[in-house]
Amino acid sequence: MARVNIPTFKLNDGRDIPVLGYGTWLGMDEDFEFSAAGMPKMNEALSYAIDIGYRHIDTAHLYRMEPEVGKIVNKKIQDGVVKREELFITTKVWHHYHREADVEVSVRDSLRRLNLDYVDLVLMHWPMSISQEGVDEKIDYLETWRGFEIVQQKGLAKSIGVSNFNLDQMKRLLANCKVPPAVNQVEINLNLGQKDLVDFCSTHKVLTVAYSPFGTMVPSRSAPNSPEPKLNNPTMVAIAKKYGKTVTQVTLRYLYERGIITIPKTVTLSRVLENASIFDFNLDKDDIEKLAEFDNGYRTVRPIFWQDYENYPFDKVPGKMDIPEALRIWKNGMNLDID
Ligand code: NDP
């Protein structure tokens with residue numbers, strides 16, 4: 001069987017994090033209902049990923065994949081494929097659990113669904129706090145962060161971090177915390193370089209994890225009128241050809257060379273291998289410059305239905321959209337292990 005050897009970066013708490021992980025968000029359909037149909041294929045792909053050497057898995061309470069991840073991981077440990085301490089498992093706390101004491105409730109529930117004693121990293125999924133009914137709870141993320149510090153002290157999560165924090169929110173959190181976040185997980189891809197945020201985090205020893213690393217390059221994310229590059233973009237194709245790699249591999253390599261961790265999602269076995277086969281080449285300076293030119297600030301993930309909530313981290317667009325029912329009462333889903 002093929003094998004991949006994924007390097008690690010050092011977190012500010014001294015632990016190692018593999019620079020590439022397996023993302024487990026299956027997405028939503030146009031009615032904001034969770035796409036559970038892809039679960040069997042994801043289970044197969046995740047199992048294969050661990051077999052070939054992936055050690056970092058990115059999941060979340062939201063994704064409904066925690067029970068599946070737990071079953072696969074525990075089976076691999078039982079079968080002697082991997083040891084628990086070799087794995088790096090991340091989960092996330094959702095909007096409904098932002099009171100200090102509720103963070104521990106959420107993390108313990110995640111551990112029960114994962115059937116694990118600890119996670120390697122737990123993230124505050126977003127800085128907003130929203131009740132299941134869609135009410136803005138206006139809980140300061142500094143209060144929520146104190147709950148994160150407690151779950152780390154209790155050993156439920158080895159490392160703690162945040163997600164979707166903007167520059168001002170990172171500055172405020174770092175100025176007002178006992179334990180600094182180990183990572184900020186945000187969207188980064190060729191269209192959205194987030195240089196200021198990444199540089200600030202790097203200066204303060206906070207690693208950046210890139211979600212949606214392909215942006216709108218891939219058909220599933222390619223919104224009408226979304227900018228280049230797509231998979232057939234001539235500049236990208238030429239660069240990829242030069243190194244004997246694919247356009248997606250060049251993209252992941254570029255982010256790695258910027259010091260950014262990536263967590264691409266794929267349910268396709270060949271792509272599981274392809275995405276992690278990026279550690280055997282270096283991009284030339286002129287190619288890096290060409291890739292940087294695609295940065296135009298375009299966001300692939302833009303949850304405008306949350307834009308009127310306190311601490312929404314992105315620029316607002318005119319107009320208002322009600323929070324969809326499926327996003328408010330999201331727990332009663334396909335996966336019966338979620339309660
Ligand atoms: P990605 O950029 O990982 O894109 C996923 C899409 O790319 C899928 O349609 C997949 O297709 C396709 N794909 C994957 N590899 C290749 C390849 N080599 N060639 C061509 N197409 C490919 O986007 P995601 O939004 O899924 O982000 C990745 C992960 O980040 C998520 O799974 C989740 O873990 C995390 N995330 C976190 C968020 C947060 O708020 N913190 C928000 C969004 C994501 P297929 O599966 O059919 O192969």
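Two strands are said to pair if DSSP finds at least two bridges between them. Helices (H or I, at least four residues) and strands (E, at least two) are DSSP runs, numbered from the N terminus. The model is predicted: local features need pLDDT of at least 70, side-chain atom pairs count only at pLDDT 80 or more, and totals for chains, interfaces and linings use all residues. Residue numbers start from 1 along each chain as its sequence is written.

On one side, two bridges join strand 7 to strand 8 (residues 183–187), and the two run parallel. Within this pairing, Ser163 stands opposite Gln185 in strand 8. Between these two strands the chain passes through helix 5 (residues 167–175), and this β-α-β crossover is right-handed. A crossover has that hand if, with the strands pointing away from the viewer, the path from the first strand over the helix to the second runs clockwise.

Strand 7 also pairs with strand 6 (residues 119–124); five bridges join them, and they run parallel. Val122 stands opposite Ile160 in strand 7. Here the chain crosses from strand 6 through helix 4 (residues 141–153) to strand 7, in another β-α-β crossover that is right-handed. Six of the seven residues of strand 7 are buried. A residue counts as buried if 20 or more other C-beta atoms, placed from the backbone, lie within 10 Å of its own, as exposed if 12 or fewer do, and as partly exposed in between.

The next feature comes from a record. An unreviewed UniProt entry places "domain: NADP-dependent oxidoreductase" at residues 20–295. That span is 40% helix and 13% strand, and its end C-alpha atoms lie 22 Å apart. The unreviewed entry also places an "active site" at Tyr63; such annotations may be inferred rather than shown by experiment.

Tyr63 lies in the loop between strand 4 (56–58) and helix 2 (66–78). Tyr63 is buried because 21 other C-beta atoms lie within 10 Å. Leaving aside residues up to four places away in sequence, Tyr63 touches Thr24, Trp25 and Leu26, where contact means C-beta atoms, placed from the backbone, within 7 Å.

Methods:
Contact = placed C-beta atoms within 7 Å.
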